[in-house]
Amino acid sequence: MSATTDVTESAAMTGQAAAVTNARRGLGLGLGRFRELSLVPVILVLGLIGFIVSPAFLTSDNLIGVAQQSTELSLLVLATAFILIAGRMDLSLESTIGVAPVIAVWLVLPTSGARFTGLGLLPQWTAVPLCLLVGIVIGAVNGFLILKLRLNGFIVTLGMLTMLRGLQIALSEGQSIVELPSSFTYLGKASWLGMPAAIWICLVLFALGGSALAWLRHGRALYAIGGNAEAARTAGIRVDRIVWAVLILGGLLAAFAGILYSGHYGSISATQGNGWIFQVFAATVIGGVSLNGGKGSVFGALTGVLTLQLVVNVMTLAGVPPLWNQFLNGAIIIVALVISRFASGEKQE
Amino acid sequence: MADTATTPAEHGSGEPVPAAEATGITKRYGATVALRDARITIAPGESHALVGRNGAGKSTLVSVLTGLQAPDTGTLRFSGAPAPAVGDVDAWRSRVACVYQRSTVIPDLTVAENLFLNRQSDGPLRPIRWKELRRRAGALLAEYGVDVDAAARAGDLTVEQRQFVEIARALSFGARFIILDEPTAKLDARGISRLFDKLRALRRQGVAFLFISHHLQEVYDLCTTVTVYRDAAHILTAPVAELGHQALIEAMTGESAAVGTATTGGARAAVRTGTGKGLTVEGLTLKGTCRGLSLSVRAGEVVGLAGATASGNVRVAEAIAGLHRAEAGRILVAGRSVRTGSVTSALAAGVGLVPEERHLQGLVHHRSVAENATLTVTDQLGPCGTVLPARSRSFAQRMIEDLDIKTPSAATAVSALSGGNQQKVVVARALATDPRVLVAVRPTNGVDVRSKEFLLGRIRRAADAGKAALIVSDELDDLRACDRVLVMFHGRVVAEFGPGWQDERLVAAMEGVAGAPAAAGATPAAGATPAAGATAAAEAPEAPSAASTTTSGTSEAPAASKTSAASETSAASEAADSEAHGR
């Protein structure tokens, strides 16, 4: 039955078991790595298709444009990857990206003289720190509700999503805010070394995030918590504290994405971030992060974002009417899921 | 050496300081007293058993001993020093560690990382050096003789390897006192004996164990001292050698345990003569499990299907209940063929299943006892697909009385019951359909002695009422309740025992050891069974091939012949097999 050739010595059984384990591990690890990279071929194929359908695709302008458009989404994906790996969910990120900038500029803009009147409480240079602070506060409140009051995280953040969206509309009176402090728009507009600053920042943040997950104890703790929170607790990991920190980090990243987005378009749109959370989750999950926690990597999540953005770009270049974008976006999510399901060989449940 | 621990008064001058000593521990949860003035003393290098029925306070003691909960009163000392404050995880871990039934490894991380979880590097901001980590893990595993690859994914380990890893991790914190909470529940006999070998080796290095098990035989095999708890209180502590089985069971249950032997096969009248067809399995072939397997259970008969974890006996049972599709072969209930791979048709044909894992397959945890017990019969509880609450309540009430389920009410969530009562709910669910054939997989897994007896007795009663019962298990206590026992090894029935078999022969057959003489359990009484007569003939060709996969690691195996290397897939022996058992 068993394929091994041996033998009758007493160690045969253990040796055999170990061999089987080794074989399975080799396979598992290989596929596990493969899963992380499973979207890379997809990206290459998309690149090839883009190259074929339009000469404009492989130009630095186009590619930088795609990258720039990915930045805000990718920051949310980075946040979601962290949170999902720790076994939690935060839907409210998509509202944080809009409400944090609105609150910040509302606090700093003058009380008169413009279409949007703020409170003028603080000097204009504080807009960026204020915005980040709002993100931190939102994450902290989510953490409090989920971890201290032990409420269901999905529903809490769903409520938070709706509430914050409403707060943004109430504060901005449903209008886009166009008079932004220059400090606020700098990062989204600036260009460093021939590339938009936002891209550099994203790359650095992803590199930092990936390294933290791979080489820091607290990063590894996220995998432990997401994989088996009880086991993590018995190993001395302060589970609640770390999850709380991750939720705060998520809010912070979302607020920062809000700054980049506002700067990039020069205004805070009333619908900023609306409906993004689906794309964010889709990108994260097709990038190999498990919805059940404990699995995935930041790099995989990044490939997820790039895949989604490239599809839209290639479709646009190919002259597919933009009305079909949403349909194709949904389709590519499902196709990508199927691909990664079979690339990794693991059920996704 | 361990005898010193039995009386705390003794360790004065020359005696070693106990590795752990708890005195006067009381713990209340609201109105419930979980522990009343309990005590336990574990000497260094001792393996100390803690036994008691479900609810005796064992788990509470474990959580007190591991620092998860502070006792209301009482003192706790490790190696003479007072216990650290509750919450000081690091201090606790350097003194005591617990290997739980439930896995505390993180499946997606490597063994190395699991071993050094939360201490992979020297400081929070120091990057982890993976190579170094794997090297340290390898050294740690080698130090304790654990044959596991440090780079393997923890989720790929076997249960036994996982436990070794957890033990090694516990020892790496400096703990010299380890609590094992039902470590053998998910292991097969081979795994258990390897675990025990390892534990004995560690004991020689001075590690003390507190061993919690429902399996009294294991207590006798491994431990030197035993402590019995009952109803939240300490009953006795004695050297294992001085305490007989009967006395131990008496101490656990608080009553005379003469009942224990009354249900065993030997004492019972031989097989009832043909009261009609029950279950027949013909030439069953399951992918990766068995090929051409045949067996039959008459109505009114209880048959055991024994075998180690890898033998495939559980999968055969699940196939009978419709959980797996057969590649070939037939399953007949009362003479009528049942479509394989369909639970619905198995249920309709009258197969009731007590599944292996009650937590995974048996129960819907936070639903009520009533709902769980009536899960299989919702079609009988009201017209046109409705489920009438009154009817399901009364149905459930009947089941609760029938199986003596101790529950505050039928509406109580099943998760609030003790293990034994949960298992009774699972059995109730299987019996609810009034099945012709009852298939019970490890029906007494993780339940206390009294519940065990009750459940086995209930299965016997079902058989007396004309049902065919198949008990699939590797526990001798379960098999003792059977009229005859078929033993599976690597997908084939390799032996059959009538009533009155001897433990070591049956175990040897389960381990695939060819030492067992052909007529193993065929006492005169078994002559009444035509099947048992055929056994002797069947076993002769079986014996050599069964020996080829044996290891010598099993202590129970008498004189295993390890030299024969006959081909495993001998078609001839299989044919003989199915002829002998497939009538």
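Biologist: Which residue takes a positive phi in the hairpin of E19(B) and E20(B)?

Modeller: B:His490 does, with phi near 45 degrees, and this hairpin has 2 residues between its strands. B:His490 is not a glycine. The model is predicted: local features need pLDDT of at least 70, side-chain atom pairs count only at pLDDT 80 or more, and totals for chains, interfaces and linings use all residues. Residues are numbered from 1 along each chain as its sequence is written, while chains are lettered from A and ligands numbered from 1 in the order in which they are written. Helices (H or I, at least four residues) and strands (E, at least two) are DSSP runs numbered from the N terminus.

Biologist: How many bridges join E19(B) to E20(B)?

Modeller: Strands of a sheet pair through backbone hydrogen bonds, either parallel or antiparallel. Two strands count as paired if DSSP finds at least two bridges between them. Here strand E19 (residues 484-489) of chain B is joined to E20(B) by 5 bridges, and the two run antiparallel. B:Val487 stands opposite B:Ala495 in E20(B).

Biologist: Is B:His490 buried or exposed?

Modeller: A residue is buried if 20 or more other C-beta atoms, placed from the backbone, lie within 10 Å of its own, exposed if 12 or fewer do, and partly exposed in between. B:His490 counts as buried because it has 21 C-beta neighbours inside 10 Å. Strand E20 (residues 492-497) of chain B is mostly covered, with 6 of its 6 residues buried.

Biologist: Where does B:Arg442 lie?

Modeller: B:Arg442 lies in the loop between strand E17 (437-441) and helix H16 (449-464) of chain B. Its phi is near 40 degrees, a positive value in a residue other than glycine. B:Arg442 has 22 C-beta neighbours inside 10 Å, so it counts as buried.

Biologist: Which residues touch the most other members of the largest nonpolar core?

Modeller: In soluble globular proteins, nonpolar side chains tend to be buried together. A nonpolar core is a set of buried Ala, Val, Leu, Ile, Met, Phe, Trp, Tyr and Cys residues joined through C-beta atoms within 7 Å. The largest one has 254 residues, and B:Val439 and B:Val487 touch the most other members. Helix H11 (residues 239-265) of chain A gives the most to this core, with 12 residues.

Biologist: What is B:Val439 in contact with?

Modeller: Two residues are in contact if their C-beta atoms, placed from the backbone, lie within 7 Å. Leaving aside neighbours within four places in sequence, the contacts of B:Val439 include B:Ala317, B:Ile320, B:Val351 and B:Leu470.

Biologist: What order do the strands take in the open sheet of 4 strands?

Modeller: The order is E12-E11-E14-E15 (chain B), with antiparallel pairing. Strand E12 (290-297) and strand E15 (336-338) of chain B are the edge strands, each pairing on one side only. Neighbouring strands are turned by 30 degrees against each other on average, direction ignored. Within this sheet, 5 bridges join strand E11 (residues 279-286) to strand E14 (residues 328-333) of chain B. B:Thr280 stands opposite B:Leu332 in E14(B). Helix H10 (residues 313-320) of chain B packs on the sheet, touching E11, E12 and E14 of chain B, and its direction makes about 115 degrees with that of E11(B). Such angles run from 0 to 180 degrees between N-to-C directions, with axes fitted as lines to C-alpha atoms, for helices over the stretch in contact.

Biologist: Why is H5(B) said to be largely enclosed by the rest of the structure?

Modeller: H5(B) is largely enclosed because 11 of its 14 residues are buried. Among them are B:Phe164, B:Val165, B:Ile167 and B:Ala168. The buried residues pack against strand E6 (97-99), helix H3 (111-115), helix H4 (130-143), strand E7 (177-181) and helix H6 (189-204) of chain B. Helix H5 (residues 159-172) of chain B reaches 20 Å from its first C-alpha to its last, close to the 20 Å expected at 1.5 Å a residue. The expected span is 1.5 Å times one less than the number of residues. Just after H5(B), B:Gly174 takes a positive phi of about 95 degrees.

Biologist: What does B:Ser94 touch?

Modeller: Not counting residues up to four places away in sequence, B:Ser94 touches B:Phe173, B:Gly174 and B:Ala175. B:Ser94 lies in the loop between helix H2 (89-93) and E6 of chain B. With 15 C-beta neighbours inside 10 Å, B:Ser94 counts as partly exposed.

Biologist: What is the mean pLDDT of chain B?

Modeller: pLDDT is the predictor's confidence in each residue, from 0 to 100. The mean for chain B is 77, and 81% of its residues reach 70 or more. Over residues 1-13 of chain B the pLDDT is below 50. It also stays under 50 over residues 257-274 of chain B.
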